[in-house]
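Hello,

Here is the structure I promised to pass on. Please open it first, then read my notes below.

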Amino acid sequence: MLSTGPDSITVSGNGEIAAQPDIFRVAATAREQGDDIAAMKSRVDDAVADMLDLADDLDIEEKQVRASDLHVQPQWQYQPERKLIGHEVSRDVIFRANGLDTYTQLLEGLAKQGVRDIRPAGTEVSNADELANRALEKAVADARQRARIIAEAADRELGKAIQIHAQDVQSPQPVMMMARSKESGNADSYRPR
């Protein structure tokens, strides 16, 4: 029995775009250890205020900076017996710096302030949607080229696409990058009072 439907070719295409990150996230922690929780809280709040002032000086928008709540943890000695030896008071501040220059100035400024716990918290590309669209265009062109090769080899003519399926574009992410949502970039900043 002969098929009365049109001939069809099924292909998939790939498209890649390389881009350098231009948004850098940095996590810094103000931390104090000792016995006087009120005094340690005051020093941690002062250190966080200095970090937030640095962000202002570098023109990092307030919505690009988040400070966590205060954390107080007991410090224990376990040998020769379990004994409370003090507390640790800390607050994390997450910065989202636009551009390598701002990122570098932020790291230098935090180091000059004496912040000892500074760590990268991921990178982003500011025009990721535009780049994803360009990669999708490349994937379609690649699929069309593959279909053309198959059609010519089969002595057929390539017509218009009958059906197109697009998979989600996946941006490469560093393994250490923290999960984030679109809303996290718009979170309100928190300043000590």
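The largest nonpolar core of this predicted model has 23 residues. V48, M51, V93, F95, L106 and L110 have the most contacts inside it. Five elements each supply at least two residues of this core: β1, α1 (37–57), β2 (65–67), β4 (83–98) and α2 (100–112). Helix α1 gives the most, with 7 residues.

Leaving aside residues up to four places away in sequence, L110 touches V26, A28, M51, L54, F95, V115 and I118. Two of these come up again in the strands: V26 stands opposite F95 in β4.

**Strands**

Start with β4, then move to β1. Which strands pair with β4 in the antiparallel sense? Strand β1 does so, over 12 bridges. Strand β2 also runs antiparallel to β4, and 3 bridges join the two. Strand β3 (residues 71–77) pairs with β4 in the antiparallel sense too, over 7 bridges.

- F24 stands opposite A97 in β4.
- V65 has F95 as its bridge partner in β4.
- P74 has H87 as its bridge partner in β4.

The link between β3 and β4 is a hairpin through 5 residues.

Strand β1 has a further partner. It pairs with strand β5 (residues 117–124) in the antiparallel sense, over 6 bridges. T29 stands opposite D117 in β5.

**R25**

Now look at R25. It sits in strand β1 (residues 23–34). Is R25 buried or exposed? Its relative accessible area is 8%, so it is buried, the cut-off being under 20%. Its side chain makes a polar contact of 2.5 Å with the side chain of E124. In general, side chains in a regular strand alternate between the two faces of the sheet.

**The aromatic pair**

The model has 1 aromatic pair. Its rings belong to F24 and Y103. The ring centres are 4.6 Å apart and the planes are at 25°.

F24 lies in strand β1 and Y103 in helix α2, so the pair ties together parts that are 79 residues apart in sequence. Both residues are buried: F24 has a relative accessibility of 11%, and Y103 has a relative accessible area of 18%.

**Confidence**

The protein averages a pLDDT of 85. A score of at least 70 is reached by 84% of the residues. Residues 173–193 are another matter: pLDDT stays under 50 there. The model has 33 contacts beyond four places in sequence for this stretch. Where pLDDT is low, the predicted coordinates should not be read in detail.

Best wishes

Technical notes: Residues numbered from 1 in each chain as written. Predicted model: local features only at pLDDT ≥ 70, side-chain atom pairs only at ≥ 80, totals over all residues. Heavy atoms only, no water. Helix = DSSP H or I, 4+ residues; strand = E, 2+ residues; numbered from the N terminus. Buried < 20%, exposed > 50% of the residue type's maximum accessible area, 1.4 Å probe, protein only. Polar contact = N/O pair within 3.5 Å; in protein donor to acceptor, adjacent residues only side chain to side chain. Core = buried A, V, L, I, M, F, W, Y, C linked by side-chain atoms within 4.5 Å. Contact = heavy atoms within 4.5 Å. pLDDT = per-residue confidence, 0-100. Pairing = 2+ DSSP bridges. Phe/Tyr/Trp six-rings, centres within 6.5 Å; stacked < 30°, edge-to-face > 60°.
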